[in-house]
Amino acid sequence: MNAIKLFLLAPVALLLLMFPVVAHASTQSDLDAACAKATATGGTRPTYCIDSANASDPLTGKDGVLIKVTNIVAFITGVVAVFIIIIAGGRFVLSRGDSAKVVTARQAIIYAIVGLIVILVARTVIIFVLTKI
């Protein structure tokens, strides 16, 4: 029972810990104003200032973190789905006519193929949305 409580309370605790970060986050116009002021006064340009004409957003841009993470997750889950198809195909061949084993192997192959399709569609949607922001 304690594990269930921990599992349910962990996201709430994480949100409460993240609240000050979200509540005090600056808007892009605030950051642009600070960057313009630093440049106008001859001071050093802060590292959080990005040149919007030459650079994309490091989080959601063309080579951003979210796209890299999406590609890595899609690759790993795709490899796992292919291995499941290979293992289920071996079970299908080695079932020796046992109908229960044939059904189990066939379902595993179908689920893995459906998983591959979901992975491809999800990755495509995520990349499409992130590049259109």
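**Patch and helix contacts in a predicted model**

Modeller: This is a predicted model. On its surface, Ile113, Ile117, Val121, Val125, Phe128 and Val129 make up a nonpolar patch. Together they have about 540 Å² of accessible area.

Biologist: Why is valine 129 called partly exposed?

Modeller: Its relative accessible area is 42%. Partly exposed runs between the buried limit, under 20%, and the exposed limit, over 50%. Valine 129 therefore counts as partly exposed. This residue is found in helix α4, residues 99-132.

Biologist: What makes leucine 116 partly exposed?

Modeller: Leucine 116 has 24% relative accessibility. Buried needs under 20%, and exposed needs over 50%. The value lies in between, so leucine 116 is partly exposed. Leucine 116 also lies in helix α4.

Biologist: Which residues does leucine 116 touch, leaving out those up to four places away in sequence?

Modeller: Gly78, Ala81 and Ile85. Take alanine 81: its C-alpha atom is 6.5 Å from that of leucine 116. The two residues are 35 apart along the chain.

Biologist: Now threonine 70. How do you know whether it is buried or exposed?

Modeller: Its relative accessible area is 15%. Buried means under 20%. Threonine 70 is therefore buried.

Biologist: Where is threonine 70 placed, and what is it in contact with beyond its neighbours within four places in sequence?

Modeller: Threonine 70 sits in helix α3, residues 65-93. Its contacts beyond those neighbours are Arg123 and Ile126.

Methods:
Residues numbered from 1 in each chain as written. Predicted model: local features only at pLDDT ≥ 70, side-chain atom pairs only at ≥ 80, totals over all residues. Heavy atoms only, no water. Patch = residues over 30% accessible without salt bridge, like charges linked within 9 Å, V, L, I, M, F, W, Y side chains within 5 Å. Areas by Shrake-Rupley, 256 points an atom, 1.4 Å probe, with all protein chains shown as cover. Salt bridge = Lys/Arg side-chain N within 4 Å of Asp/Glu carboxyl O. Helix = DSSP H or I, 4+ residues; strand = E, 2+ residues; numbered from the N terminus. Buried < 20%, exposed > 50% of the residue type's maximum accessible area, 1.4 Å probe, protein only. Contact = heavy atoms within 4.5 Å.
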